[in-house]
Amino acid sequence: MNDEHESADAVAPPPEDQLAFDVADFPGGIHAALEAVLMVVDEPVSVMALASAIEQPAADVEAALRELEDGYAAQQRGFTLRQVGGGWRMYSRHEYAPVVERFVLDGQQARLTQASLETLAVIAYRQPVSRQRVAAVRGVNVDGVIRTLLSRGLIEELGHDEESTAILYGTTSYFLERLGLSDLDDLPALAPYLPEVDLLDEIAEGGRS
């Protein structure tokens, strides 16, 4: 029996504490450790997730992220670190958008059409909003455009209108990420240029008459 226990102990995996590390042992410390993680993510990562990954207090991680962000700006690097959509992620600086666009698109214009941009703007400022109300504001059928925005992950279904049962649409966290926004409150003040919510039904009725 004892021999069996000793044999089992010999092949047992090492305790978890032997797999741990101290970021202070790395040449660049906590800042370099965070950079290493952020370089391999494809979506914003929360402070808590980063703190867990490098085994450091969340307060220290957030302070280090702010220092990295300020340092990149001071050094005028081609990239920056931004807090977007509830997390942190590396981005190329907007000043270099023409360079990046030329490289990524390689001459191909993969942008949203004007119709898609207008529809997306209406949804962003009037969400949750139905397809019929969006069509009323734009004055044209938006079925195809809505499908395009859904397929690109920029909008999503948010439920149904209690009275008409129509599907309601709103923007996604990916929309915020692409625009570099933390939340919808950061949207530019364009809402005054759109019809008031209480006028949308009147516009829709006028379009059907």
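A: Happy to! Two strands count as paired if DSSP finds at least two bridges between them. Keep in mind that this is a predicted model.

Let's start with the hairpin. Strand β1 (residues 79-84) and β2 are antiparallel partners, joined over 6 bridges. Across that pairing, Arg82 faces Arg89 of β2. There are 2 residues between the strands of the hairpin, and Gly85 has a positive phi near 55 degrees.

Next comes an open sheet of 3 strands, ordered β3-β5-β4 with antiparallel pairing. Its edge strands are β3 (129-130) and β4 (155-160), each of which pairs on one side only. Between β3 and β5 (residues 167-171) there are 2 bridges, and Ser130 has Leu168 of β5 as its bridge partner. Helix α6 packs on this sheet, where it touches β3, β4 and β5, and its direction makes about 95 degrees with that of β5.

Helix α6 (residues 114-126) also packs with helix α7 (residues 131-138), at an angle of about 120 degrees and with the axes 10 Å apart. That angle makes α6 oblique to α7, and the crossing is right-handed. On the α6 side, Ala115, Glu118, Thr119, Val122 and Ile123 make the contact, while α7 contributes Val134, Val137 and Arg138. Sorted by class, the contact has 5 nonpolar, 1 polar and 2 charged residues.

Key
Residues are numbered from 1 along each chain as its sequence is written. This is a predicted model: local features need pLDDT of at least 70, side-chain atom pairs count only at pLDDT 80 or more; totals for chains, interfaces and linings use all residues. Side-chain values use heavy atoms; hydrogens and water are left out. Axes are lines fitted to C-alpha atoms, for helices over the stretch in contact, and angles run from 0 to 180 degrees between N-to-C directions. Helices (H or I, at least four residues) and strands (E, at least two) are DSSP runs, numbered from the N terminus. Angles under 35 degrees count as roughly parallel, over 145 as roughly antiparallel, 65 to 115 as roughly perpendicular and the rest as oblique. A crossing is left-handed if the near helix is turned anticlockwise from the far one by less than a right angle, and right-handed if clockwise. Contact means heavy atoms within 4.5 Å. Ala, Val, Leu, Ile, Met, Phe, Trp, Tyr, Cys and Pro count as nonpolar, Asp, Glu, Lys and Arg as charged, and the others, Gly among them, as polar.
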